[in-house]
Amino acid sequence: MLTDAYARRFSYLRLSVTEICNFRCSYCLPDGNDCDSRAGELTLSEIKRLVTAFAKLGTRKVRITGGEPSLRKDLTEIIATCKAIPGIEKVALTTNGYRLKRDALAWQQAGLDAVNVSVDSLDADTFHLVTGQDKLADILDGITHAKAIGIKQVKINTVLLKQHNALALPDFLKFVQQQAIALRFIELMRTGDNAGFYQRQHLSGASIQQQLLAQGWQLNTKANTDGPALEYSHPAYQGQIGLIMPYSKDFCADCNRLRVSSKGQLYLCLFTDSHQDLRRLLQSDNSAPLMHFLQQAVQGKAFSHQLAADYSGSTRHLAQIGG
Ligand SMILES: Nc1nc2c(ncn2[C@@H]2O[C@H](COP(=O)(O)OP(=O)(O)OP(=O)(O)O)[C@@H](O)[C@H]2O)c(=O)[nH]1
Ligand SMILES: C[S@@+](CC[C@H](N)C(=O)[O-])C[C@H]1O[C@@H](n2cnc3c(N)ncnc32)[C@H](O)[C@@H]1O
Ligand code: SF4
Ligand code: SF4
């Protein structure tokens, strides 16, 4: 099992498969792609070797992310490859939803267990303004479709933005009252590129948490491979509300995840400036050297990010490593 110096165990791999994205989310890639090349993206066989080594070291869940992972033409094969690796129990995807309606069935048939879709506003104009794409209705249809075809877990991610969705809690609550879906608010994180935007738009999730508790929402228990969200349920609501609050105390204490970028770099944390190139260890089916490297590398994982000191490491934006 991959275990770090603080006895944290890593059962969850976040694997980015591309840095490319077709959206222009104002907190992430406001000017669109700053990388227009697919050169150097991990190939299917490199992904297979990578995930095999992680699985032998105790990884049970792989979340495929990006950039926008659905822009990879071989995404369905990537899902099937990850799902077929002994030890991998759950294959999940984080997507902007652009290809959900078209491809969700193929992904589900390839073994996709879970999909998280970014929806920053339930108002079509605001959604357009924040993401640069006038596609809210399409993406909501895609979410309905993904649930209807039997993808076991479908969730929504909403970045909390002072200007755009700070006052929209009643709309989001109404949405989850009628839909059996978990909607998670993510506190906006400062990255290398978004300092000014962060200053203007960051909002703590604490007041939403207080409102939920005051209205009788109850914290759900977590599985070992779950991400950092605190998810709450209420008997009068079909869905759940979650909060991802990286600025809160002890957020990193139970970190269970590691990241590999689409170019095969190991990131021990979302916000670090040191990453290690794994590519040379992905050229052979012998997992042993890669497993040994990972076991050593994980000892260098810091206890926590340093966001409170405005330090984002070398992370310019989250499309670079998949959030
Ligand atoms: N700071 C920090 N933020 C994270 C971490 N993991 C997830 N997030 C934030 O939460 C966002 C949404 O995460 P998802 O890709 O939906 O994955 P998840 O929350 O692990 O999802 P589940 O597997 O459903 O629990 C990420 O893009 C990040 O913005 C983390 O380890 N550290
Ligand atoms: C980087 S995206 C990659 C996957 C896909 N393109 C998507 O948007 O779901 C993953 C998640 O990170 C979130 N995200 C991006 N930049 C962020 C930031 N600076 N702070 C908080 N969340 C951010 C997005 O809203 C999205 O839910
Ligand atoms: S958050 Fe996702 S969809 Fe939006 S620009 Fe970043 S990578 Fe693209
Ligand atoms: S910020 Fe780093 S240490 Fe903290 S939860 Fe995220 S990946 Fe883990």
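At what angle do helix 1 (residues 44-56) and helix 2 (residues 75-83) pack, and how far apart are their axes? They pack at an angle of about 25 degrees, and their axes are 10 Å apart. That makes helix 1 roughly parallel to helix 2, a label for angles under 35 degrees.

This is a predicted model, in which local features need pLDDT of at least 70 and side-chain atom pairs count only at pLDDT 80 or more, while totals for chains, interfaces and linings use all residues. Residues are numbered from 1 along each chain as its sequence is written, and side-chain values use heavy atoms, with hydrogens and water left out.

Helices (H or I, at least four residues) and strands (E, at least two) are DSSP runs numbered from the N terminus. Axes are lines fitted to C-alpha atoms, for helices over the stretch in contact, with angles from 0 to 180 degrees between N-to-C directions.

**Helix packing**

| Pair | Angle | Axes |
|---|---|---|
| Helix 1 and helix 2 | about 25 degrees | 10 Å apart |
| Helix 2 and helix 3 (residues 100-110) | roughly 20 degrees | within 8 Å |
| Helix 3 and helix 5 (residues 136-148) | about 20 degrees | 8 Å apart |

Helix 1 passes helix 2 in a right-handed crossing, meaning that the near helix is turned clockwise from the far one by less than a right angle. In contact (heavy atoms within 4.5 Å), Leu-44, Ile-47, Lys-48 and Val-51 of helix 1 meet Glu-77, Ile-78, Thr-81 and Cys-82 of helix 2. By class, this contact has five nonpolar, one polar and two charged residues. Here Ala, Val, Leu, Ile, Met, Phe, Trp, Tyr, Cys and Pro count as nonpolar, Asp, Glu, Lys and Arg as charged, and the others, Gly among them, as polar.

The crossing of helix 2 and helix 3 is right-handed. Leu-75, Thr-76, Ile-79, Ala-80 and Lys-83 of helix 2 make the contact with Ala-106, Trp-107 and Ala-110 of helix 3. Its residues comprise six nonpolar, one polar and one charged.

Helix 3 and helix 5 are roughly parallel to each other, and their crossing is right-handed. From helix 3, Leu-100, Lys-101, Ala-104 and Leu-105 take part, meeting residues of helix 5 that include Asp-138, Ile-139 and His-145. This contact divides into six nonpolar, two polar and three charged residues.

**Annotated cysteines**

An unreviewed UniProt entry lists Cys-252, Cys-255 and Cys-269 under "binding site"; such annotations may be inferred rather than shown by experiment. The three span 18 residues in sequence, yet no two of their C-alpha atoms are more than 9.8 Å apart, so they gather at one spot. Cys-252 lies in the loop between strand 9 (240-244) and strand 10 (257-260).

Notes. Chains lettered and ligands numbered in written order. Parallel < 35°, antiparallel > 145°, perpendicular 65-115°, else oblique.
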